[in-house]
Amino acid sequence: MNSIHAHHLFWRRVRDYLLQEYSIIKSLVDWTVWLYILIPGLLFAGNLYDGLWTKVLPLWLDKIPLVSAAVLLQLVIFTGGVILFVEEADVLFLRQKPDWMKGIMVRGLLVSAAFKAVITGIIFAVLSPILFRHYELTMLEMMSLYVFATAAYIFQAIIYHFIRIRLTGIIRWLVQVPVALLMSSAFLMAWATWSNKPDRLFILSSGLAIVITLFIHRRIHLRGTFYNDVREDQVQRTKLTALILLNSVDKPKRIHRKPWIFRKSNQLIRSQKPAHRLAASAIKAFYRNWGQSKAYFQLTALSIAAVLLPPPPANLIVYLALLFLHYYWMSSFWKAYITSEFITILPFQDEVVIDGSKFAVQGLMLIPSICLGFAAGLAVFSAWWGPIIMIPVSLFLTMSISRFGVLFWKRRAY
Amino acid sequence: MLERRFSKKMDTAAEVTVLDVKIKEAGYEAGHSRIRDVSLTVKAGQLVGLIGPNGAGKSTTIKTILNLLTHAIATVQFSGPNQKYAYIPERPVFYETLTLWEHLELAAASSGMTGEHFKTKAELLLAKFRMTEVRDDLPVSFSKGMQQKMMLMIGFLIEPDIYIVDEPFIGLDPRATKDFLTLLDDERKRGAGVLMSTHVLDTAEKICDTFVLLSEGKVVAEGNLDQIRQASGLEDASLFDCFDALT
């Protein structure tokens, strides 16, 4: 009776997962537009594939060894994991039914294995004209390579799963990297050595199948890994989302206990004026945000190159434009800083915030201002003494811009 | 139209009003008021409990007092001697890249507290809330309870005339709750008033001088426990029972 319930629950989770993946793809693809790309694309690919079976194969294939197919497969293997279909909410009631949990996990492992067999099958189907016609493999050799690749794929995925749920931090990487190197080397060597010895590959695959069975048995009897299982499942299930959002959303930040600079809450300035203290806290907050300070130094470095490269007077215009660009960024950061929720709960006077803007923006612009002044000095005067003139000019301009900015802030009363 | 005034009223010490609120109506959208005709007064040293069921308008009242709503017809007058208030929100808010000590420093800067006075007071609070070990840590790495303690410390640091506290007990362990109540008591002796929104009615019954009971955006009862009992028609009943009867 219990297994029937676990069975239904499992397939419901699989269905939800597939629907979720479908909705992600659907959100990405506008079918009415893709109709014009997808259908011609499929027709073109079909024609190309047919050509691989019927036409003369390209000559450059002579230079590519058979083991390249194994390298391609190994790259795919690296991306694969295991989904157990356990969920955080299982802690509420399902954990009290070990049979259900085991049932779901075994099914999860089997479905993951079947999925890997299908993926390997698709890769083999695509490569089959080349494997048959160019490398002249027999059907038996093809089958042995397919079975071996599938077994290696499942075996590696389970090993990575064990490493990910048992180890964390640097230790995980110290173990995972050598293990990955060892397993992938062994896979490639076996492929290269025994690609025309199907009996040996079948024996090796049988051995792997036994080891996989033992690991599955060990896996479902493993205790104390529930939350790690849930976390690993989430990582595997959201792979497609992560891939799609790779360029549009920042990766979730790691939570650090200590800041990476000014680790002892060091004071930046001695002044006890509220405006100075507020500005100093904003400067610290800016530099401590690693992504932000990385972009800040990258932009400063690029700005130096952008000022040095064009001929005068274009470089002077570029210099001024970049100084304003830096000011715009820094003042935008300041605005975000002082309109944050935390500041709204503190009784800062409006004058303090307005005065603070001048000091904060000047402080944040100090490095770009000096660097831009240095570059402009060299570019405009083409002499060693150029920077000696332009750095003070740059600092003066920065001060003037931030003072002008304060007037603007006063008018808008932030 | 929100009128928010800071003024130094010179009443007799015991009767100094530190917060006077008259809200005609307020809400999150024009024409859709969430609270109507809510008036309350907090005197120096007094603890006023703002109670009511979920959605009664407690948070809207607090947001109106703090001038965080765009749609409000109200008069809010802070009249303490220092014209400072401390708001302790229900959900901890903080900067991810500033340490605990820097948050305290920022709070001190906002109220003009400087040098040794700040250091002494801040270190005392760190010791009181057992947070000295983590003074240079980032609050994002703290537990919910520790983050809440940080919010309380910031409130206590600036020595305001009035504390506006929203659900302070959520996430606090019993020891931290006790420390919070002791410090609150000390502050009341100093002359600070407290407006506290809470659902923890048994604690509220023990510590609050008066109550403002809200339901569906309106005041349904106010006064001390006896007056609340009278309004609910339940003699000798607990605040919990009165709350049940009135809401």
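## A buried pair

Let's start inside chain A: A:D229 and A:R219 are both buried. These two residues form a salt bridge, and their closest N and O atoms sit 2.7 Å apart. The pair ties together distant parts of the chain, with A:D229 in helix α8 (residues 226-237) and A:R219 in helix α7 (residues 198-220). Keep in mind as you look around that this is a predicted model.

## One turn along a helix

Now stay with helix α8 of chain A, where A:R237 and A:D233 both lie, four residues apart, or about one turn of the helix. Here too there's a salt bridge, with 3.5 Å between the closest N and O atoms.

Are these two buried or exposed? A:D233 has a relative accessible area of 0%, so this residue is buried. A:R237 comes in at 12% relative accessibility and therefore counts as buried as well.

## Across two chains

Next, hop over to A:E341 and B:R91, whose side chains meet in a salt bridge (2.7 Å, N to O). A:E341 belongs to helix α13 (residues 341-344) of chain A, while B:R91 is in the loop between β6 (85-88) and α2 (100-110) of chain B, so this pair joins two chains. A:E341 is partly exposed, at 44% relative accessibility. B:R91 is exposed, with 51% as its relative accessible area.

## The wider picture

Some salt bridges share partners: A:R13, A:E87, A:D90, A:D233 and A:R237 are joined into one network this way. And how many salt bridges does a search of the whole structure find? Over all chains, the count is 21.

Terms used
Residues are numbered from 1 along each chain as its sequence is written. Chains are lettered from A and ligands numbered from 1 in the order in which they are written. This is a predicted model: local features need pLDDT of at least 70, side-chain atom pairs count only at pLDDT 80 or more; totals for chains, interfaces and linings use all residues. Side-chain values use heavy atoms; hydrogens and water are left out. A salt bridge is a side-chain nitrogen of Lys or Arg within 4 Å of a carboxyl oxygen of Asp or Glu. Buried means under 20% relative accessible area, exposed over 50%, partly exposed in between (1.4 Å probe, protein chains only).
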